[in-house]
Each structure stands twice: as C-alpha cells, then as structure tokens.
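Visitor: I'd like to learn how to read salt bridges in a model like this one. Could you walk me through them?

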Amino acid sequence: MRNTLMVAALASGLALSGCTTDPNTGQQRLNKTAIGTLAGAAGGAAISKATGGDKTGRDAAIGAALGAGVGYYMERQAKQLEQQMAGTGVTVTPNPNGNIDLVMPGNITFAFDSASLNPSFRPTLDKLAATMNEYNQNTVTIAGHTDSVGNPSYNMNLSRDRANSVRNYLVSRGVASNRINVVAYGQTRPIADNNSDYGRQQNRRVELTVNAPSSVR
C-alpha cells in the first residue's frame, strides 16, 4: 500500500510539473519529458511487482529517471526536426506515445508512378539524416503508401520501393541500416478520400516514424 501511494504521488507531481500550454489551442498538455517520466515510473513499478520485488517505490523512481531522459531526448529531437523541416512540405508531429511522426507527401518526394527520389527532395533528406546521426539511439520505421488507382499488388510493390528509396538514401548519408525498418501498405491505409485528386495526392506518401528508445546513454 505504501509503495502504491508513493507511485501515485510521484505520478501526480510529474503531471502537474510537466504541463505546458499549447500556444495555438490554449489547452494544457504534458510535454515529452513528463510523458517519458510517467511511463518510466509506471514501467519500473510494474516490473518490480511482476518479479516479486519489494522495492516498488524505488524501482518506480529509477524508471522515472530513465523515462525523463528519454522524454527530454525525444523532445529536443522533435524541436530540431520541426525547425529543419519547416517550409519543406514535410510535417513533423510529436506522437503522444513518445515517438515522432514525419509525413512526406508524394508530390515532393517522387514523380508519378516512380520510386526514384526527386533531386529537389534530397537536401531535405540530408537534413533528416544529419539529425538521425546526431540522435543515434532511435530506430526508425519507414512506411510507403499509395492511392487506390491501379492494381493493388502493383501499388504494394511501388509503396515498398518508395520506402526503400528513402531508406537507401539515408543509409548513403551515414545512417546505420540496422536502425531502419521498412514496411509497405500500398493503398490499404488511406488518410483522405481517393475519389478526388486532392485526396489521392494526400494518400501518396511516405511516413517515417522516429521510435523512442527504451533508455538513453
């Protein structure tokens, strides 16, 4: 019971101190450091209980410290990516689960029905590669997507080829290949209506997710 109260008090304090106000909406939200701290505290406590430990409060505090480091690491990285991608057409969205999502629209990355990177997009990927090399404790997932025009099997292969083109370029700029995972979704995960030109343009995209590490060194 005492350990449970300690964890609850820790979480409550972190939630209060980690709140920031969104300048666009006026709403309060937890920053990534606070989110990482809370997740670390919960994870440390859960592991302690699952393994029969009698130091739940201590383990929660240790987990909180590790989580805070991860949260701060991801928060700094997100801010750097937002600055680098400003004006490029790539959107950067810090995810509530601690990851960072980047969406690269097809109109700036590839020509129609092609998996060859547009030369004009390469400087943007150079910036991304530089940040990935600086923050080298993340893994990255690159997902290819298409619109619904054409054969589903063809679209699946095209989405994979496009995701691999982004991967290969990043690797050529020094990003370790074992940090990158490629997945292909073809036309199966639209984010807009495929019945309009605008919607199809939105669906032709590459999404890159910067995954939060379990800890930082």
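Guide: Let's start with D197, which is exposed at a relative accessible area of 59%. Here buried means under 20% relative accessible area, exposed over 50%, and partly exposed in between (1.4 Å probe, protein chains only). Keep in mind that this is a predicted model: local features need pLDDT of at least 70, side-chain atom pairs count only at pLDDT 80 or more, and totals for chains, interfaces and linings use all residues. Residues are numbered from 1 along each chain as its sequence is written, and side-chain values use heavy atoms, with hydrogens and water left out.

Visitor: Which residue forms a salt bridge with D197?

Guide: The general idea is that side chains of opposite charge can pair when their charged atoms come close. The cut-off for a salt bridge is a side-chain nitrogen of Lys or Arg within 4 Å of a carboxyl oxygen of Asp or Glu. For D197 the partner is R200, with the closest N and O atoms 2.2 Å apart. Both sit in helix α7 (residues 197-203), 3 residues apart, so about one helical turn separates them. R200 is buried, at 18%.

Visitor: How many salt bridges does the structure hold?

Guide: There are 4. One of them joins R173 and D126 (3.0 Å, N to O). R173 lies in the loop between α6 (152-172) and β6 (180-186) and D126 in helix α5 (residues 122-134), so this pair ties together parts 47 residues apart in sequence. Helices (H or I, at least four residues) and strands (E, at least two) are DSSP runs, numbered from the N terminus.

Visitor: Is R205 buried or exposed?

Guide: R205 is buried, at 4% relative accessibility.
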